[in-house]
Amino acid sequence: MKQFILATAVALPFVASGAWAAGGGDETAPSKPKCETGQVYDKKTKSCVAAEESNLDVDSLYENLRELAYAGRYAEAQAVLAQMPAEDDRTLTYLGFTSRKMGDVDAAMTYYNAALRVNPANVLARSYMGQALVEQGKVADAMFQLREIRNHGGSGSWAEASLRIAIATGKTFNY
C-alpha cells in the first residue's frame, strides 16, 4: 500500500498536467476529431479519409494510430499500422500494444522484441513489454525492463512511470 501511495503521489501531478503520455516517452496524448471506422484524420485537408487510400506521411499515420489505440479501437489501429513501414520500431511497438490489448500476448511479445532489435532504446516498447510481464506475474522480468528504460535515458518519462506504477500496484495502463 505504501508503494502505491508513493507511486500515485509521484505520478498524479504529471498525469494531471499532461506532461506524460504513452508515445515516445514524453509526447502529449492524442486529441483530434474522431473519424469513422476505417478512416484517419488528414491535417492538410482537415477531414477524415480512408486509411488505406490516404497519402499521409508516416508521422501523420502514427498520430492517427495512437488516437485509435488509446480509444480502444485496436483493430482499426492495426489497419493503420498496415500502411506504415513494417520494420519501423514505432510500428512494431504499436503492433505489440494492440495485439496485447486484443488478447494475443504471444504476438505482442514477438512485436516488442522485434521493436527492441530495431531500436534497443525504445523505452515505450520496453514499458509496454514490462506491463505485459506484470500481467503475466513476471515481475522480475518487468523490473529488468524498468532498469533498461532508465539505462536508455527514459528516467522521468511516462514509459518509466507507467511501468513503475504497474510493478508497484499490478495495475497496467490502456494507453
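Buried denotes a relative accessible area under 20%, exposed one over 50%, and partly exposed the range in between (1.4 Å probe, protein chains only). The model is predicted: local features need pLDDT of at least 70, side-chain atom pairs count only at pLDDT 80 or more, and totals for chains, interfaces and linings use all residues. Residues are numbered from 1 along each chain as its sequence is written, and side-chain values use heavy atoms, with hydrogens and water left out.

View A. Gln-131 belongs to helix 6 (residues 123-135); helices are DSSP runs (H or I, at least four residues), numbered from the N terminus. With a relative accessible area of 0%, Gln-131 is buried. Beyond its neighbours within four places in sequence, Gln-131 contacts Arg-100, Ser-162, Leu-163, Ala-166, Thr-172 and Phe-173, contact being heavy atoms within 4.5 Å.

**View B. Salt bridge between Glu-135 and Arg-100.** The side chains of Glu-135 and Arg-100 form a salt bridge, 3.0 Å from N to O; the term requires a side-chain nitrogen of Lys or Arg within 4 Å of a carboxyl oxygen of Asp or Glu. This pair links distant parts of the chain, with Glu-135 in helix 6 and Arg-100 in helix 4, 35 residues apart. Glu-135 is partly exposed at 41% relative accessible area, whereas Arg-100 is buried at 5%.

**View C. Packing of helix 6 with helix 7.** The axes of helix 6 and helix 7 (residues 139-151) come within 8 Å and cross at roughly 165 degrees; axes are lines fitted to C-alpha atoms, for helices over the stretch in contact, and angles run from 0 to 180 degrees between N-to-C directions. The two helices are therefore roughly antiparallel, a term for angles over 145 degrees. Residues of helix 6 in the contact include Val-123, Met-129 and Leu-133, and those of helix 7 include Ala-142, Gln-145 and Ile-149. The contact residues comprise 6 nonpolar, 3 polar and 3 charged; Ala, Val, Leu, Ile, Met, Phe, Trp, Tyr, Cys and Pro count as nonpolar, Asp, Glu, Lys and Arg as charged, and the others, Gly among them, as polar.

**View D. Salt bridge between Arg-150 and Glu-160.** The closest N and O atoms of Arg-150 and Glu-160 are 2.6 Å apart in this salt bridge. Arg-150 lies in helix 7 and Glu-160 in helix 8 (residues 158-169), so the pair ties together parts 10 residues apart in sequence. Arg-150 is partly exposed at 35% relative accessible area, and Glu-160 is buried at 8%.

Notes. Parallel < 35°, antiparallel > 145°, perpendicular 65-115°, else oblique.
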